[in-house]
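My notes follow the structure.

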Amino acid sequence: MWQAEHVRARLSALYPQCQVEILGMTTRGDQILDRALSKVGGKGLFVKELEVAMAEGRADLAVHSLKDVPMDLPEGFSLAAILEREDPRDAFVSNDYASLADLPAGSVVGTSSLRRQSLIAARYPLLVIQPLRGNLDTRLGKLDRGDYAAIILAAAGLKRLGLEQRIRALLDPETSLPAAGQGAMAIEIAARADGVDLARLLAPLNHLATAQAVTAERKISKVFGGSCQVPLAAYATVDGAGMRLRAMVATPDGKRMASADVSGPVDQAGQLGLQVVQLLRDQDAAAILASCAVEPHA
């Protein structure tokens, strides 16, 4: 809802003559809270109902956390704008400890992400990692109740909701590589028959450097079947005319991992992506994915 209100404010500033209304919806991803996302269908759980509303003409656009958007959209749907990225890092949240390294052996860490699970397990094998679902208030409530010694959340969500003070430490991408699209918001639209060019109207909200980075990340994720069922990270940074693209795929227990790190011109992002894909394949990424019961795309 914060994201929808943010986009409404941006559009109202751009087009003061237009009335922008929010159609509040609850997706299946919000409703199913007793199981890990990797076991109930993954990313599409947060998107499908919104796409139905657009197809039925009840909504003109949908605002998503990009990391929740599937790599392949239904026919007739497209991403019209990628907004400037918030902090893409993971956040360590705890009432009693300052960092993952400070947690005693056997401490319970909560996360909803297989990617985070594998990265934590690889570095801190004596910690116990347990699923954590629900909105931010629910997750923080479980921490405060003592169900977990610490939880790992996206820094972007905490910052957007004014909860930055709960962050005890930010996990550096060198040790906790973000998910593809993490920290970025996307606006999805559907094909229309009334002649309204929503893509043109939304174009001023598109942030070029963010769009370039997350497009490269999502290409990596698409090749390797990126979803909530795969411990996969892909993170690109753009600095002027240059791009650095990093990626990782692992088993959930963190015992097998492939990683890649390449740099080059941002206008050759596609080639950089192919280099990353090949480097991961050279490290037997296919076998790692097979152990997760997911096959890479051709």
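**Ground rules.** I am working with a predicted model, where local features need pLDDT of at least 70, side-chain atom pairs count only at pLDDT 80 or more, and totals for chains, interfaces and linings use all residues. Numbering starts from 1 along each chain as its sequence is written, and side-chain values use heavy atoms, without hydrogens and water.

**Whole protein.** I find ten helices and eleven strands (DSSP runs numbered from the N terminus: H or I, at least four residues; E, at least two). Of the 298 residues, 48% are buried (under 20% relative accessible area, 1.4 Å probe, protein chains only). I looked up the accessible surface: about 14000 Å², with 49% belonging to carbon and sulfur atoms (Shrake-Rupley method, 1.4 Å probe). Next came contacts (heavy atoms within 4.5 Å). Among those between residues at least 6 apart in sequence, 67% join residues at least 24 apart.

**The sheet.** I traced an open, antiparallel sheet of three strands, ordered S1-S8-S2. S1 (61–65) and S2 (77–82) are the edge strands; each has a single partner, so one side of each lacks a neighbour in the sheet. Neighbouring strands are turned by 35° against each other on average, direction ignored. S2 pairs with S8 (residues 185–190) over five bridges, antiparallel (pairing needs at least two DSSP bridges). In that pair, I see Ser 78 opposite Ile 189 of S8.

**The helix on it.** Which strands does H3 touch? Helix H3 (residues 48–55) packs on the sheet and touches S1, S2 and S8. The direction of H3 makes about 165° with that of S1 (axes fitted to C-alpha atoms, for helices over the stretch in contact; angles run from 0 to 180 degrees between N-to-C directions).

Definitions and conventions
Buried < 20%, exposed > 50% of the residue type's maximum accessible area, 1.4 Å probe, protein only.
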